[in-house]
Amino acid sequence: MADQDQFNPEEFIRFRENKKIPKVIENEILHALSFYPELQNVPIDFVFKQNIKKSVMQAQPKIGTMFSVRKNRGYQINISALFKLTHTAIPIHQIPADILIGWVGHELGHIMDYHNRNIFGMIRFGFGYLFSTKYIQQAEKVADTFAVTHGLGAYIIQTKNFILNHAELPEKYKQKIARLYLSPDDIVEQVRLLEVQRATL
């Protein structure tokens with residue numbers, strides 16, 4: 001079980017720096033950001049969208065800053081305002097807090113990946129993500145790995161189980177997640193290996 005109950009928003013005010021965050025999910029986003037101190041000064045806008053094609057959240061560089069030096073880059077995480085189920089939809093902020101933290105934590109993993117790339121690496125990433133399923137699988141693995149190594153393993157596992165076991169989520173979406181993303185068992189193994197590695201240091 002993740003430790004959402006121990007979260008004190010006042011301890012995480014510093015993570016609001018250079019961020020635009022919807023008030024209704026501010027606690028969850030600040031909690032996810034607290035696992036990524038490297039991103040404290042990086043401009044990131046969290047933006048509600050009415051419709052994100054085939055996704056619930058989507059991290060992307062701001063086009064106008066993509067070709068800047070790394071320290072001047074900004075990013076945006078689009079968040080679907082509605083969590084769409086097979087026969088209905090609910091506001092995204094009504095899904096469990098730990099699930100939101102895991103979801104945002106995964107997207108922040110993408111931003112870590114983007115921020116570590118030079119301009120040519122970003123261009124390669126864009127083409128690879130558009131045209132190669134294997135590249136997408138690798139990119140999603142990298143994002144999950146960043147999240148796990150930053151301490152979000154328990155949240156990522158909860159989020160994946162929530163998606164894959166949700167009776168009201170469209171089967172096509174669950175199949176996409178199963179095909180392109182690491183499984184909960186894969187994340188458990190990543191966490192185990194990380195713990196073994198840290199124990200030997």
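Good morning. Let me begin with Met 112, which is placed in helix H2. Its relative accessible area is 8%, so Met 112 is buried, where buried means under 20% relative accessible area, exposed means over 50%, and partly exposed lies in between, with a 1.4 Å probe and protein chains only. Between Met 112 and Ala 139 there are 27 residues of sequence separation and 11 Å of space, C-alpha to C-alpha.

A word on the basis of these values. The model is predicted, so local features need pLDDT of at least 70 and side-chain atom pairs count only at pLDDT 80 or more, whereas totals for chains, interfaces and linings use all residues. Residues are numbered from 1 along each chain as its sequence is written, and side-chain values use heavy atoms, with hydrogens and water left out. Helices and strands are DSSP runs numbered from the N terminus, a helix being H or I with at least four residues and a strand being E with at least two.

I turn to the helices. Two packed helices are described by the angle between their axes and the distance between the axes. Helix H2, residues 97-115, packs against helix H4, residues 133-164, at an angle of about 160°, and the axes are 8 Å apart. The axes are lines fitted to C-alpha atoms, for helices over the stretch in contact, and the angles run from 0 to 180 degrees between N-to-C directions. H2 is therefore roughly antiparallel to H4; angles over 145 degrees count as roughly antiparallel, under 35 as roughly parallel, 65 to 115 as roughly perpendicular, and the rest as oblique. The crossing of H2 past H4 is left-handed, a term for a near helix turned anticlockwise from the far one by less than a right angle, with clockwise giving right-handed.

What residue classes make up the contact of H2 with H4? There are 14 nonpolar, eight polar and four charged residues in that contact. Here Ala, Val, Leu, Ile, Met, Phe, Trp, Tyr, Cys and Pro count as nonpolar, Asp, Glu, Lys and Arg as charged, and the others, Gly among them, as polar.

H2 itself has 19 residues and spans 26 Å from its first C-alpha to its last, close to the expected 27 Å at 1.5 Å a residue; the expected span is 1.5 Å times one less than the number of residues. H2 is mostly covered, with 19 of its 19 residues buried.

H4 also packs with helix H6, residues 184-199: their axes come within 9 Å and cross at roughly 155°. That angle makes H4 roughly antiparallel to H6, and the crossing of H4 and H6 is left-handed.

Next, the sheet. Four strands form an open sheet in the order S1-S2-S4-S3, with mixed pairing; two strands pair if DSSP finds at least two bridges between them. Which strands lie at the edges? They are S1, residues 19-20, and S3, residues 57-61, each pairing on one side only.

Strand S4, residues 75-80, runs antiparallel to S3, and five bridges join the two. Met 57 has Ile 79 in S4 as its bridge partner, and Gln 60 stands opposite Gln 76 in S4. With strand S2, residues 44-49, S4 pairs in the parallel sense over six bridges. There, Phe 46 has Ile 77 of S4 as its bridge partner.

In a regular strand the side chains alternate between the two faces of the sheet. S4 is accordingly described as mostly covered, with six of its six residues buried.

Finally, some individual residues. Most residues other than glycine have a negative phi, and most peptide bonds are trans. Asn 18, in the segment before S1, has a positive phi near 60°. Its relative accessible area is 41%, so Asn 18 is partly exposed.

Lys 176 lies in helix H5, residues 171-180, and counts as buried at 16% relative accessibility. The C-alpha atoms of Lys 176 and Arg 70 are separated by 32 Å, at 106 residues apart along the chain.

Gly 126 is found in helix H3, residues 119-131, and is partly exposed at a relative accessible area of 28%. Gly 126 and Lys 71 are 55 residues apart in sequence and 20 Å apart in space, C-alpha to C-alpha. Thank you.
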